Amino acid sequence: MVVTEGGRIQPDLSDPFSDRRILVSIAADRDLELSSTIRSALTQAAYPEHLRFAICHVYDHRSEGQLVPWTDDPRFVVTEVAAERAGNRCWARSLTYDLFDDEPYVLQISAHTRFAARWDGRYIEMLESIDDESAIITGLPAQYEIRDDSVIYDLNTGVQVLVLDGLNDDFTMELRSRPADDVRAPGPSPLLAANQIFARGRFCRDVPYDAAMYPAGEEISLAVRAFTHGYNFYYPDQNLTWHLSDCGEQTAWLADEVTDLPGLARLEQLLVGDATALGDHGLGTKRTVAQFEESTGISFANRIPMVDAQGLFDHTIELDTSGIDLAAEYQVWIFALLDGDGNEVHRSDITDHDVLRGDRTRLHLIARDLSAQPTHYVLWPLLSDGAFLERRVLPIHRV
């Protein structure tokens, strides 16, 4: 059970699962699925008594009253705001993070979500199976749709991993997903999806949502901030939530994304400006933005995709030759560009003696007709006697 004491939520220490409380963060914009989302979370949970819902409900005449069934339920802390007085999605999510009350875990979802059986225990087991106290389970959920008042779940797509296809001029990402290669355990993901975040509860305090952030830059800003605070992203090993593929209810928040010029300036300041001016909503100190760029193949300064619309790659790459014996005699360094799925999209082996001796570490490469955005490159040295050294896969760093 969860009891209240002095206005704060406290665990009942006689309950062996009192350390498994989950804060469920939901920002809802006139979403007619909200009440069904809550019912699914409660009925499918193994321990519904351990859930605490932090909800920002933006309502109009159609969506008002969805939370009435839980008015007197102590597990619910709700901020309800009429649509004409509400802020954007980041503002709404920030209000839910403000309600964090030392719950050991937090789950952030959209207001149109359905849950698998025992989702709460399974999320916890999944997170605790990762040997990483700063792990975040994230990724695009599976999809559901509603046909003739029936919920149809996609049970065939499987676990998806986020892949970066490019970075737009306004710093927003072009994303796609691909099936996970191995779902025997959670695996590393380069990016974060805002409609599925399961982490230890301290994430709410470590990386508080920026209410003034450009909403279309929500995921890239949150990913960079979390990364620089030392958090690591993992895709789940099973789908525990489903997301409505076409909710059709959040038109106002979507419209806000293209009109929020102050929020856009704030995103630019975070990524390429003086982020210290953003205070608690700036960067962490455990890793740098440059390290995030290296791990994902993103270049915020350039803000252009690696490959243009005609399939042309025309960039200078800084080669990482650390770990290569530059005194050895080489026939060639096999060099290739890889896309986000690890597929080779271009190969042009290096025979330039200045590079093979380490006198030059910058490689200007022009490649045409590339079918995908490269994010990494291969260096695989071949000695003069025909022996291969270690094959190295490295993030692309443009200069």
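Predicted model: local features only at pLDDT ≥ 70, side-chain atom pairs only at ≥ 80, totals over all residues.
Which residue does Arg-30 form a salt bridge with, and how far apart are the closest N and O atoms? I found Asp-29 as the partner of Arg-30, with the closest N and O atoms 2.5 Å apart.

**Entry 1: burial of that pair**

I looked up accessibility next. Arg-30 comes out at 17% relative accessibility, and since buried means under 20%, Arg-30 counts as buried. Asp-29 sits at 0%, so Asp-29 counts as buried too.

**Entry 2: other salt bridges**

I picked out a few to follow up.

Asp-102 pairs with Arg-205, and I noted 2.7 Å between the closest N and O atoms. This pair links distant parts of the chain, 103 residues apart: Asp-102 lies in the loop between helix 2 (89–97) and strand 6 (105–110), while Arg-205 belongs to helix 4 (residues 203–206). Buried or exposed? For Arg-205 I got a relative accessible area of 52%, which makes it exposed. Asp-102 is at 36% and counts as partly exposed.

Arg-200 and Glu-128 also meet through their side chains in a salt bridge, at 3.1 Å from N to O. Here too the pair links distant parts of the chain, with Arg-200 in strand 14 (residues 196–200) and Glu-128 in helix 3 (residues 119–128), 72 residues apart. I have Arg-200 down as buried, at 8% relative accessible area. Glu-128, at 40%, counts as partly exposed.

I also came across a network of salt bridges that links Arg-89, Arg-93 and Glu-218. I kept Glu-218 in mind for the next entry, as Glu-218 is one of the residues lining the second largest cavity.

**Entry 3: the second largest cavity**

How many cavities of 30 Å³ or more are there? I counted 3. By residue class I wrote down 4 nonpolar, 1 polar and 3 charged.

I checked its pairing with strand 12 (residues 173–179): the two run antiparallel and are joined by 7 bridges. Leu-167 faces Met-173 of strand 12 across the pairing. The hairpin of these strands has 5 residues between them, and there I noticed that Phe-171 takes a positive phi near 75°.

**Entry 4: the second largest pocket**

I finished on the second largest pocket, which holds about 550 Å³ of space. Which of its 29 lining residues are the closest to the centre? My list reads Pro-188, Ser-189, Pro-190, Ser-295 and His-376. Strand 11 turns up again, as one of the elements giving two or more residues to this lining; the others are strand 15 (232–235), helix 8 (289–296), strand 18 (330–339) and strand 21 (374–383). For the make-up of the pocket lining I noted 15 nonpolar, 8 polar and 6 charged residues.

Technical notes
Residues numbered from 1 in each chain as written. Heavy atoms only, no water. 1 Å grid on protein atoms, 1.4 Å probe; cavity = no way out; pocket = protein on both sides within 12 Å on 5 of 7 lines; lining within 4 Å. Points joined across faces, edges and corners; volume = space filled by probe spheres on them. Nonpolar A, V, L, I, M, F, W, Y, C, P; charged D, E, K, R; others polar. Pairing = 2+ DSSP bridges. Helix = DSSP H or I, 4+ residues; strand = E, 2+ residues; numbered from the N terminus. Salt bridge = Lys/Arg side-chain N within 4 Å of Asp/Glu carboxyl O. Buried < 20%, exposed > 50% of the residue type's maximum accessible area, 1.4 Å probe, protein only.
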